[in-house]
Amino acid sequence: QNGLFMSASTNPYDLRFPGYWTRPKATNDEVLWHAKAIEKAGLKIASLTTGFRIADPDEFMREYAIDCWKRMIEIGELMGVKVFNSELGGDRNQPELCEAKMMRSLDVLLPIFESKGMRLDIQAHPNDFYERNDDACDIVKCYDSPSFAYLYAIPHTFHYDEGIGDIAAMLKYAGKHLKHVIVADTWNYSKLFRYNANPPDLYWS
């Protein structure tokens, strides 16, 4: 967790670390402070969650997102991170264009991940350009790279197959490319109305 070692008395840095959607602004000193705090606590980073708009329909934003990832990879090296978690992103109203944009970005980024011995685990997500499990898996499968894997998020199960909730079938479809599972309670949004928060009671609290 990003906030694990953060407190007013011990952390000289604010909560911007490590960055999401915009270029990571953490300095090397800040990164190394966190790395030392984690090591001192006897912990290691299993994975680091972040995301940049590598599937954005706007070409400027897509290229900017690639630069953001390059800096995040540098941060990962300083912290000993080997696995990153992220989302497809993009615009669900332009799936074909966003897929093309994402794959163009991956053509640049995956060789870097491979050269660093790192792995990017990606998930479909509600309101991403693809929400379905199988569509996201197909992108991972076509690269068939040890540095690119599929992440299954149980909270989004019913988005992944349009309200059916057949987890076994989706995990089987992912096959050897499934490397990461996020576990949480979930509700079938299709039974009532569409929502992205699980449980929906969060909206009324």
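The exercises below work through the confidence, the sheet and the helix packing of a predicted model.

Residues are numbered from 1 along each chain as its sequence is written, and side-chain values use heavy atoms, with hydrogens and water left out. Because this is a predicted model, local features need pLDDT of at least 70 and side-chain atom pairs count only at pLDDT 80 or more, while totals for chains, interfaces and linings use all residues.

**Exercise 1. State which element has the lowest mean pLDDT, and where pLDDT stays under 50.**

Step 1: pLDDT is the predictor's confidence in each residue, from 0 to 100; the protein chain has a mean of 86, and 81% of its residues reach 70 or more.

Step 2: Where pLDDT is low, the predicted coordinates should not be read in detail.

**Exercise 2. Give the strand order of the sheet and name the helices described as packing on it.**

Step 1: Five strands form an open sheet in the order β1-β2-β3-β4-β5, with parallel pairing, where two strands pair if DSSP finds at least two bridges between them. The edge strands, each pairing on one side only, are β1 (48–49) and β5 (178–182).

Step 2: Strand β4 (residues 148–153) is joined to β5 in the parallel sense by four bridges, and Leu-178 in β5 is the bridge partner of Tyr-150.

Step 3: Helix α6 (residues 167–174) packs on the sheet, where it touches β4 and β5, and its direction makes about 175° with that of β4; angles run from 0 to 180 degrees between N-to-C directions, and axes are lines fitted to C-alpha atoms, for helices over the stretch in contact. Helix α2 lies across β1, β2 (83–87) and β3 (119–123), running at about 150° to β2.

**Exercise 3. Describe how α2 packs against α3, and which residue classes make the contact.**

Step 1: The axes of α2 (residues 59–79) and α3 (residues 95–116) come within 10 Å and cross at roughly 15°. That crossing angle makes α2 roughly parallel to α3, since angles under 35 degrees count as roughly parallel, over 145 as roughly antiparallel, 65 to 115 as roughly perpendicular and the rest as oblique.

Step 2: The residues that meet include Ile-66, Trp-69 and Ile-73 in α2 and Val-108, Leu-109 and Phe-113 in α3. The contact of α2 with α3 divides into seven nonpolar, one polar and seven charged residues, with Ala, Val, Leu, Ile, Met, Phe, Trp, Tyr, Cys and Pro counted as nonpolar, Asp, Glu, Lys and Arg as charged, and the others, Gly among them, as polar.

**Exercise 4. Find the axis distance of α4 and α6, and the residues that make their contact.**

Step 1: The axes of α4 and α6 lie 9 Å apart, and the helices pack at an angle of about 15°, which makes α4 roughly parallel to α6.

Step 2: Asn-133, Asp-134, Cys-137, Asp-138 and Lys-141 of α4 make the contact with Met-170, Tyr-173 and Ala-174 of α6. By class, the contact of α4 with α6 has four nonpolar, one polar and three charged residues.

Methods
Helix = DSSP H or I, 4+ residues; strand = E, 2+ residues; numbered from the N terminus. Contact = heavy atoms within 4.5 Å.
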